[in-house]
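Subject: Structure handover

Hello,

Please find the structure below, together with notes on what was found in it. The notes go from the chains down to single residues.

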Amino acid sequence: MSNVFIAFQANEEARPIIEAILADNPGAQVDHSPALVKIDVPKRLTIKRQTIENLTGQPFDLQQIHVNLVTLSGHIDEDDDQFTLSWKH
Amino acid sequence: MDTRVIKRKLGLKERYAAMTRGLGWETTYQPMDKVYPYDKYEGIKIHDWDRWQDPFRLTMDAYWKYQGEKERKLYAVIDAFAQNNGFLGISDARYVNALKLFIQGVSPLEYYAHRGFAHAGRSFRGEGARVACQMQSIDELRHYQTETHAISTYNKYFNGMHHANHWFDRVWYLSVPKSFFEDACTAGPFEFLTSVSFSFEYVLTNLLFVPFMSGAAHNGDMSTVTFGFSAQSDESRHMTLGIECIKFMLEQDEANVPIVQRWIDKWFWRGYRLLTLVAMMQDYMLPKRGLSWKEAWEMYAESNGGALFKDLARYGIREPKGWADACDGKHHISHQAWNTFYNYNAAAPFHTWVPTDEELAWLSEKYPESFDKYYRPVFEFYREQQQAGNRFYNKNLPMLCTTCQIPMLFTEPGDPTQIAYRESRYEGDTYHFCSDHCKEIFDNEPEKFVQSWLPVHQIYQGHCFKPGVDPTAPGFDPLAAVLDYYELEFGRDNLDFEGSEDQKNFQRWRTGAA
Amino acid sequence: MTIDLKTRSIEPLRATYAHVAKYIGEGRIPSRYEEATMGAQPMVNFHYRPTWDPDHELFDASRTRVVMSDWYKLRDPRQFYYASWTMTRARQQDSMESNYQFVEQRGLIDKMPAEMRQKVCRVLMPLRHVAWGGNMNNASVCAYGYGTAFTAPAMMHALDHLGAAQYLTRLGLALEGPDALDEGLQAWLEDPIWQPLRRYVEDTFVVQDPFELFVAQNVALDGLLYPLIYGAFVDDHVAMQGGTAVAMLTAFMSEWFDESSRWVDAVVKTAAAESDDNCAVITQWARAWGTRAQAALQPVAALALGDAADAALTDARAELDTRLTKAGLA
């Protein structure tokens with residue numbers, strides 16, 4: 001089974017995004033390096049706008065992840081409410 | 001007041017389509033093939049451009065908003081770094097040589113990518129593809145410019161960076177990245193995307209990014225780390241262009257599959273060869289080390305790349321031909337490359353050195369199968385010679401592989417004691433290669449590769465002297481004349497780190513001496 | 001209490017990169033624009049001819065009839081490099097967002113007379129496609145032009161055009177909904193009013209000389225279109241008749257035209273001043289394309305302004321001619 005992954009800069013703005021990913025993706029594993037947080041999930045990873053908004057108490061546009069996103073792996077599917085990475089094999 | 005109801009509202013995908021592909025039309029006053037003259041000649045068949053998927057639906061206003069935010073943050077860090085003499089916080093002045101390699105060999109590639117994506121951004125018939133290419137074009141300009149600005153501080157205080165663009169067009173080892181990217185830019189737009197967006201920015205990207213950025217982080221260079229992360233988020237969009245383009249070509253017509261496979265084979269191998277310089281940087285130029293090249297290869301190429309090619313198998317795509325040889329090379333290429341640069345350091349505008357005992361121990365530990373057996377003895381011998389006052393510099397010129405243009409330093413897969421030699425004959429001449437894969441690349445496109453501007457050949461043909469130089473004059477020193485053509489400052493830009501101006505200056509600044 | 005701040009004074013070895021100093025002078029500290037632009041483009045020792053254009057090198061000044069001893073003379077007076085361009089546009093998009101909020105909260109679109117909304121769509125929606133043409137042509141200039149000073153702002157300009165096209169799209173969706181976009185495309189393809197302009201745009205798509213293309217698109221076409229549509233039609237006509245919302249929601253376009261005209265004029269002026277030959281060839285292009293553009297815009301002006309069309313178009317041409325005379329064209 002292959003992992004998909006996503007990595008963010010380790011800063012204040014990215015923290016609720018990372019927390020939301022860990023909450024919504026059982027099986028997620030976090031790796032901390034200098035200034036970088038990488039999250040691996042088998043096969044499929046979803047980021048939900050609602051979860052982030054619940055954490056921050058502020059409206060959140062999923063496109064905001066671009067500001068702190070570092071890299072990712074997997075096929076992307078996105079709409080107003082969710083952003084998903086997955087492999088099809 | 002009239003109550004007005006707008007009858008139909010658009011969903012996210014449709015709205016984005018209205019903002020991009022809805023802007024285009026089939027021309028009638030000029031034939032479509034004349035308006036788009038470059039997107040059919042490669043033989044790639046596209047039946048329905050409407051099937052192109054836009055994964056990141058960034059309209060220009062969102063692009064400006066988020067990129068503007070990123071730039072503000074990035075330049076705040078660059079400014080702070082410059083104001084506070086942040087370079088004094090790096091581990092050791094030898095680290096700066098990694099940045100020299102970067103500004104000489106990577107930043108110009110960003111510029112080529114900017115222009116190449118402009119061409120692709122005009123050439124494809126599909127509007128969605130053009131928009132993605134144009135955004136990438138301006139992103140790559142961003143990378144060239146932010147790198148230039150971030151490294152500007154270092155350039156003020158250290159040597160080996162100030163003439164980077166001039167060197168890029170002339171100096172022997174820089175023809176490796178130059179020819180790589182020119183090969184991509186001079187190819188058609190579909191091959192260009194397969195080469196850059198897919199092979200380089202999807203399959204191999206982490207092997208360029210992680211070594212430099214984690215190297216910077218481990219060695220106290222927060223400016224470069226910040227730049228790296230900021231740029232890499234653009235890369236996420238670029239990666240999706242790469243994977244989308246590959247899927248699109250493969251899904252449009254079965255006849256595209258063998259063409260795409262051949263490109264994947266070619267560009268995986270050319271990309272892998274280009275990364276030799278990065279491997280060497282990662283294992284030898286970082287005073288404080290993180291991952292070894294071998295570890296990075298195993299993590300990012302073998303496991304991540306493995307997952308990718310499993311995914312593409314359903315289209316009939318297999319792993320690139322050179323995969324096994326590239327994996328074999330992980331034990332060797334960094335050491336072989338450093339050995340070469342150590343030898344040729346008189347002609348290269350950055351410093352080299354023999355690793356410290358601590359560093360040799362790290363190398364032994366990270367390379368249990370190869371280092372102590374094949375490479376440690378070489379470096380220990382060099383150290384002996386240096387200590388006896390014989391730090392030598394090779395004054396001959398190496399034979400280059402015609403395709404990748406790297407000196408013939410690579411060994412046979414499975415036998416690191418044998419240099420690998422291959423050759424082809426074409427129209428009465430013999431051409432030389434470092435591997436089966438470089439030979440095959442040549443054999444598939446000989447008309448292209450016979451044009452290569454091979455630095456060593458060009459030197460011997462007398463094309464690497466300044467105007468007015470007379471090679472027949474008594475006492476003529478060809479190597480000195482070449483270094484002059486390079487505009488390399490002898491004794492400042494080149495030679496061993498020991499005794500260099502960089503070393504002396506850094507020592508002086510760090511201890512606070514006036 | 002005295003605070004003794006001892007700063008370490010470390011003397012730099014040099015001010016900047018040699019490929020920048022070559023253009024700005026030794027020992028001078030460059031602006032960010034200069035440092036990021038000067039000398040960026042590789043110029044010699046190319047390895048392979050483009051398979052898509054084997055008659056030229058990858059970067060080749062001979063693709064154009066204009067001759068410059070130094071293409072880096074074509075500086076952008078706005079001094080846009082990526083960061084300053086993006087941050088400027090980010091502020092502008094913020095301002096457009098505020099305008100949208102203002103208009104929506106007060107129901108200003110609903111308060112517009114229906115015929116006005118429909119007329120605005122009839123005039124502005126086909127212009128989405130003209131802006132798309134501007135995007136394509138400026139991407140060409142970036143791809144095939146010579147020297148970073150000239151080509152980098154062209155890609156910014158291409159994306160600015162895309163931004164304008166997207167603002168127009170958003171406006172159409174707000175005024176009349178998706179049907180307006182479909183009708184705009186139909187008109188663009190079939191309505192006699194739009195055919196001369198569409199023919200003009202498609203003819204620009206096959207211009208090979210990147211400098212001629214720059215003139216045909218950025219000087220001649222936009223030089224007339226913008227004052228006519230965003231000046232005479234939107235600001236002077238629509239806004240005066242209850243359509244202030246439209247002026248607000250197209251504010252980006254007028255602002256951008258004024259700002260980018262500084263770049264366009266500087267390029268023309270510098271290139272024309274280089275030699276009599278350049279001046280002659282650029283003048284000839286400006287005249288020929290200018291005359292064609294004016295004729296192509298005639299029916300569009302009539303649609304937008306009725307009886308006031310001729311005067312508006314004549315004014316726009318006079319404005320353009322003044323700019324070009326100031327830029328040194330004959």
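The notes below start with conventions and then take the chains, the helix packing and the sheets in turn.

This is a predicted model, in which local features need pLDDT of at least 70 and side-chain atom pairs count only at pLDDT 80 or more, while totals for chains, interfaces and linings use all residues. Residues are numbered from 1 along each chain as its sequence is written, and chains are lettered from A and ligands numbered from 1 in the order in which they are written.

Chains and their contacts

There are 2 pairs of chains in contact, and chains B and C share the most contacts. Two residues are in contact if their C-beta atoms, placed from the backbone, lie within 7 Å. Chain A and chain C do not touch, their nearest C-alpha atoms being 14 Å apart.

The contact between B and C draws 73 residues from chain B and 69 residues from chain C. Several helices of chain C each supply at least two residues to the side that touches chain B, including H1 (18-24), H3 (82-105) and H6 (148-175). H6(C) gives the most to that side, with 11 residues. By class, the side of chain C that touches chain B has 42 nonpolar, 15 polar and 12 charged residues. Here Ala, Val, Leu, Ile, Met, Phe, Trp, Tyr, Cys and Pro count as nonpolar, Asp, Glu, Lys and Arg as charged, and the others, Gly among them, as polar.

Chain C itself has 13 helices and 0 strands. Helices (H or I, at least four residues) and strands (E, at least two) are DSSP runs, numbered from the N terminus. The C-alpha trace of chain C spans about 70 × 70 × 40 Å along its principal axes. Of the 330 residues in chain C, 52% are buried; a residue is buried if 20 or more other C-beta atoms, placed from the backbone, lie within 10 Å of its own, exposed if 12 or fewer, and partly exposed in between. Among contacts in chain C with a separation of 6 or more, 73% are between residues 24 or more positions apart.

Helix packing

At what angle do H6(B) and H6(C) pack? Helix H6 (residues 127-157) of chain B meets H6(C) at about 140 degrees, with the axes 10 Å apart. This angle makes H6(B) oblique to H6(C). Angles under 35 degrees count as roughly parallel, over 145 as roughly antiparallel, 65 to 115 as roughly perpendicular and the rest as oblique. Axes are lines fitted to C-alpha atoms, for helices over the stretch in contact, and angles run from 0 to 180 degrees between N-to-C directions. Residues in this helix contact include B:Val131, B:Ile138 and B:Leu141 of H6(B) and C:Met155, C:Leu159 and C:Leu162 of H6(C). The contact residues divide into 9 nonpolar, 2 polar and no charged.

B:Met135 is also placed in helix H6 of chain B. B:Met135 counts as buried because it has 24 C-beta neighbours inside 10 Å. Apart from neighbours within four places in sequence, B:Met135 is in contact with B:Leu58, B:Tyr63 and B:Arg237.

Within chain B, the axes of helix H11 (residues 222-252) and helix H12 (residues 256-274) come within 8 Å and cross at roughly 150 degrees. B:Ile246, B:Met249, B:Leu250 and B:Gln252 in H11(B) meet B:Asn256, B:Val257 and B:Val260 in H12(B). This contact has 5 nonpolar, 2 polar and no charged residues.

Sheets of chain A

One open sheet of 4 strands has the order S2-S3-S1-S5 (chain A), with antiparallel pairing. S2 (29-33) and S5 (69-73) of chain A are at the edges, each with a single partner strand, so one side of each has no neighbour in the sheet. Two strands pair if DSSP finds at least two bridges between them. Strand S1 (residues 3-9) of chain A pairs with S5(A) over 4 bridges, and A:Phe8 stands opposite A:Leu69 in S5(A). Helix H1 (residues 15-24) of chain A lies across S1, S2 and S3 (36-42) of chain A, at about 20 degrees to S3(A).

A further open sheet has 3 antiparallel strands in the order S4-S7-S6 (chain A). Its edge strands are S4 (44-48) and S6 (75-78) of chain A, each pairing on one side only. S4(A) and S7 (residues 82-86) of chain A pair over 5 bridges, and A:Arg44 has A:Ser86 as its bridge partner in S7(A).

Regards
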